[in-house]
Amino acid sequence: MAVDEAILRAVAAGLVPPTLRLYAWEPPCLSLGRAQPLADVDREAVQAAGFNLVRRPTGGRAILHVDELTYSVVAPQGEPRVTGGIVESYRRLSAGLVHGLERLGMAGLVADRRAPPSPTGRGGTGVCFEVPSDYEITAGGRKLVGSAQMRAQSVVLQHGAVPLHGDIARICSLLASRPDPVRVRARATTVEEALGRPVTWDEAAEALAAGFAEALNLRLEPGTLTTEERAWAEELRAEKYATDEWTGRV
């Protein structure tokens with residue numbers, strides 16, 4: 001999370017171009033949405049499982065980052081591919097995700113519609129993948145990609161999780177409300193389950209990068225973090241994301 005925000009700073013300062021980042025988590029981590037109560041989490045269960053706990057700078061509900069590919073897109077608000085409101089930019093960026101997933105061989109993806117009201121009511125269970133948000137990607141009516149967005153310093157940061165394999169309901173035992181695993185499995189899925197074959201992180205990353213480039217008319221160039229980005233990421237980790245003050249702010 002510190003790296004994503006460091007890239008946002010660098011884009012805002014004009015030090016780097018708009019950036020697509022693809023990454024994974026080690027060790028696995030449970031992330032909370034920016035305004036999600038810490039009380040949603042069974043912290044003892046998270047610790048016993050050997051997972052980390054972090055609060056995202058973006059909204060949404062809890063995600064267990066394990067066996068997945070995470071993406072982030074950072075671009076100035078005036079960039080045509082993210083200009084407009086949050087929902088409008090979601091729709092454009094979803095096209096990149098859909099194209100990438102289709103390159104893996106997936107069919108029947110849906111990303112261009114409003115989500116139905118939450119069947120669990122306003123509060124929900126705290127699980128991001130239980131209910132799709134507007135214009136998030138579903139496969140066979142089940143949520144496949146969870147995304148969230150923030151805007152700061154005239155820059156858009158959108159990041160999201162693409163579960164590749166494993167039990168999508170593993171998160172249930174880590175939340176205080178103990179959501180029903182059967183219900184979560186019925187409403188969410190993984191790439192492997194939807195596609196019918198295993199997909200490695202490298203295969204998924206290559207497909208998604210190509211999908212973003214194709215759908216959004218981009219020319220992507222490989223890169224690494226700059227000296228400024230690394231320094232900002234370390235500062236943000238130490239002073240924000242690794243602190244109890246940030247994680248327990250709600």
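Residues are numbered from 1 along each chain as its sequence is written. Local features in this predicted model need pLDDT of at least 70, side-chain atom pairs count only at pLDDT 80 or more, totals for chains, interfaces and linings use all residues, and side-chain values use heavy atoms, with hydrogens and water left out.

Trainee: How many residues of β10 are buried?

Mentor: Helices (H or I, at least four residues) and strands (E, at least two) are DSSP runs, numbered from the N terminus. Buried means under 20% relative accessible area, exposed over 50%, and partly exposed in between, with a 1.4 Å probe and protein chains only. On one side of β10, Val155, Leu157, His159, Ala161 and Pro163 are buried, and on the other Val156, Gln158, Gly160 and Val162 are. The count of buried residues in β10 is 9 of 9.

Trainee: Which residue in β10 is the bridge partner of Thr70?

Mentor: Two strands pair if DSSP finds at least two bridges between them. β5 and β10 run antiparallel and are joined by 9 bridges. In β10, the partner of Thr70 is Ala161.

Trainee: Which residue in the turn between β9 and β10 has a positive phi?

Mentor: β9 and β10 pair in the antiparallel sense over 7 bridges, with Ser147 and Gly160 as one partner pair. The two strands form a hairpin with 2 residues between them. The turn residue with a phi of about 55 degrees, although not a glycine, is Gln153.

Trainee: Is Thr190 buried or exposed?

Mentor: Thr190 lies in the loop between α4 (181–187) and α5. Contact means heavy atoms within 4.5 Å; leaving aside neighbours within four places in sequence, Thr190 is in contact with Leu144, Pro163, Leu164, His165, Gly166 and Ile168. Its relative accessible area is 3%, so Thr190 is buried.

Trainee: Is Asn217 buried or exposed?

Mentor: Asn217 lies in the loop between α6 and α7 (227–241). Its phi is positive, about 55 degrees, although Asn217 is not a glycine. With 63% relative accessibility, Asn217 counts as exposed.

Trainee: Which residue does a cis peptide bond join to Glu26?

Mentor: The omega of this bond is about -5 degrees. The residue joined to Glu26 has its place in the loop between β1 (19–23) and β2 (29–32). That residue is Pro27.

Trainee: How many disulfides does the structure hold?

Mentor: A disulfide is a pair of cysteine sulfur atoms within 2.5 Å. Cys29 counts as buried at 4% relative accessibility, and Cys172 counts as buried at 3%. The number of disulfides is 0.

Trainee: Which strand supplies the largest share of the lining of the largest pocket?

Mentor: On a 1 Å grid over the protein atoms alone, a pocket is an open set of points where a 1.4 Å probe fits, with protein on both sides within 12 Å along at least five of seven lines; lining residues have an atom within 4 Å of a point. The largest pocket is lined by 28 residues, with Pro18, Thr19, Leu20, Leu220 and Glu221 nearest its centre. β1, β5 and α6 each supply at least two lining residues. The largest share, 4 residues, comes from β1.
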